[in-house]
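Visitor: I have a model open on my screen and would like to learn how to read it. Could you walk me through a few features?

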Amino acid sequence: MRRRIVALGVLAVAVAVTASACSSSKSSDKKTDSGSAANPGGGGSGLLSTSGAGKTIDVWLQSDAQKGWPAVVDQANQRFEQATGAKVNVQWQQWENYTGKLDSTFAGSSGIPDVVELGNTQTASYIAGGAFADLSSAKNEFENSGTWLKGLADSGTSPDGKLQAIPYYAGSRVVIYRKDLWTKAGVTTAPTTLDELFSDLDKVKAANSKDPNFSSFYMPGKNWYAGMSFVYGAGGTIATQQGGKWQGGLSTPQAQQGLQQWQRLATDYSVGGATKDEADQDGIMAQGHVSAILGNGWELGSVIDKKTGNPALAPKLATFPLPGSAAGKYTPSFLGGSDLAVPDKSSDKGLGAEWIKIYTDTVSQTALAKFAIPNTTSLLSVYEAQAQANKSTGEAAKDTWFVPNTPNWANVESNNVLQNALESIATKKSSVADAAKSADEQVAKTLNASG
């Protein structure tokens with residue numbers, strides 16, 4: 001998933017990091033293969049290697065880390081260098097046009113990095129294309145592999161169960177709302193069920209009825225992350241695979257119940273966003289006519305940003321996980337985030353895997369938890385303790401969903417299949433049943449396409 005963040009976990013406060021990111025110059029020494037199973041290097045599996053004296057590995061990381069947590073990268077590089085004798089050349093990347101750069105690089109035979117970062121919805125297509133080394137035999141050597149966040153772990157695992165990408169960090173969606181507006185409407189506690197949420201929104205809507213542009217809950221019609229959360233929360237799914245064939249799942253009674261709940265938000269409580277996506281919802285909330293949105297935790301910071309938002313709203317905002325059908329249950333959040341993989345064409349697979357092992361171990365992930373949701377449920381409490389707002393995103397990360405794990409999923413996204421279906425529901429151009437049937441047909445056709 002492409003993101004436009006600085007740090008996912010730091011919401012209301014800007015955290016200054018004084019350490020600069022390590023970006024050592026490329027060694028002129030020619031690298032030799034230390035990454036095959038034949039080179040036992042330093043791992044019990046025989047896959048990881050600590051034999052790196054005189055070598056330099058290339059690591060492609062997104063600039064999110066450079067801006068948000070450079071000290072975390074630095075300490076991992078230092079420990080890696082101490083353990084292996086190898087240097088680390090971090091090459092900072094940008095999400096924009098990133099897959100094009102990966103494609104052209106992997107198509108060649110030179111300049112192949114030893115570690116790459118990918119958004120978790122990008123990973124499946126590269127796994128299917130054979131772009132990454134199989135790390136299955138070394139899984140137990142990666143700390144916390146038994147408690148990795150499911151939405152990340154699933155994205156890095158091939159359909160036949162091979163581990164080819166390691167979870168890095170994540171972001172989850174929560175309700176960001178105006179405490180002041182809710183309190184004035186008589187709502188003083190966060191809802192614990194969807195029924196309570198709708199009841200509270202009725203009160204907020206009534207209290208602001210004189211404002212024709214007011215949204216008690218702004219829900220863009222093309223926000224498929226939100227729409228599908230309601231589908232999964234009702235027990236439905238986007239698609240299932242049977243007998244080697246994919247079938248769309250939105251026409252089931254459970255999925256349609258979820259879509260009807262989402263439609264209620266998009267039509268009864270939202271104004272002006274039926275044909276839009278969620279890209280600018282934080283800026284819209286900053287204008288003062290919205291009491292709540294469903295967004296990534298970091299969007300709270302965007303709403304109050306000094307340059308693009310409204311800092312005056314800072315003391316008025318709070319968050320809570322989107323509640324579910326019963327108290328104590330949440331509507332599952334889409335878990336976006338990043339994975340780390342070793343390109344199969346890397347000349348130092350073993351060292352690349354060793355660097356990932358160190359960068360995703362408990363020490364590194366504990367440090368990262370000050371800024372973003374770590375890759376393991378065992379460290380969510382560390383993340384949640386950093387700021388009050390993190391409690392909501394940490395809780396939401398415990399109950400998540402992810403897209404069908406198939407390389408053709410990227411085409412469903414790029415063809416806007418779900419976005420268009422939801423827009424037709426939000427604008428009432430189609431019934432929920434008709435929109436679901438059409439989307440199911442397109443999803444099945446796309447996921448089952450060959451070549």
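Guide: Let's start with strands: helices (H or I, at least four residues) and strands (E, at least two) are DSSP runs, numbered from the N terminus, and two strands pair if DSSP finds at least two bridges between them. Here, strand β5 (residues 173-178) and β8 pair in the antiparallel sense over 5 bridges. As for the source, this is a predicted model in which local features need pLDDT of at least 70 and side-chain atom pairs count only at pLDDT 80 or more, while totals for chains, interfaces and linings use all residues. Residues are numbered from 1 along each chain as its sequence is written, and side-chain values use heavy atoms, with hydrogens and water left out.

Visitor: Which residue in β8 is the bridge partner of I176?

Guide: That's I293.

Visitor: And what is the strand order of the open sheet of 3 strands?

Guide: The order reads β8-β5-β9, and the pairing is antiparallel. At the edges sit β8 (292-296) and β9 (317-320), each of which pairs on one side only. On average, neighbouring strands of this sheet are turned by 35 degrees against each other, direction ignored.

Visitor: Which helix lies across β5 and β9?

Guide: First, how angles work: axes are lines fitted to C-alpha atoms, for helices over the stretch in contact, and angles run from 0 to 180 degrees between N-to-C directions. Contact itself means heavy atoms within 4.5 Å. The helix you want is α15 (residues 388-396), which runs at about 145 degrees to β5.

Visitor: How do I read two helices packed together, say α9 and α17?

Guide: Look at the angle: under 35 degrees counts as roughly parallel, over 145 as roughly antiparallel, 65 to 115 as roughly perpendicular and the rest as oblique. Helix α9 (residues 253-268) and helix α17 (residues 417-426) pack at about 60 degrees, with their axes 9 Å apart; α9 and α17 are therefore oblique to each other. On the α9 side, L259, W262, Q263, A266 and T267 make the contact, and on the α17 side L422, I425 and A426 do. These residues divide into 6 nonpolar, 2 polar and no charged, where Ala, Val, Leu, Ile, Met, Phe, Trp, Tyr, Cys and Pro count as nonpolar, Asp, Glu, Lys and Arg as charged, and the others, Gly among them, as polar.

Visitor: How are α7 and α9 set against each other, and why?

Guide: Helix α7 (residues 194-207) packs with α9 at about 10 degrees, their axes 12 Å apart, so α7 and α9 are roughly parallel to each other. In α7, L194, F198, L201, D202 and K205 meet Q261, R264, L265 and D268 of α9. That contact splits into 4 nonpolar, 1 polar and 4 charged residues.

Visitor: How many residues of helix α12 are buried?

Guide: In α12 (residues 349-359), 10 of the 11 residues are, including K349, E354 and W355.

Visitor: And how many in strand β2?

Guide: For β2 (residues 87-93), 5 of its 7 residues are buried. Strand β1 (residues 56-62) runs parallel to β2, joined by 7 bridges; D58, for instance, has N89 in β2 as its bridge partner.

How values were computed. Buried means under 20% relative accessible area, exposed over 50%, partly exposed in between (1.4 Å probe, protein chains only).
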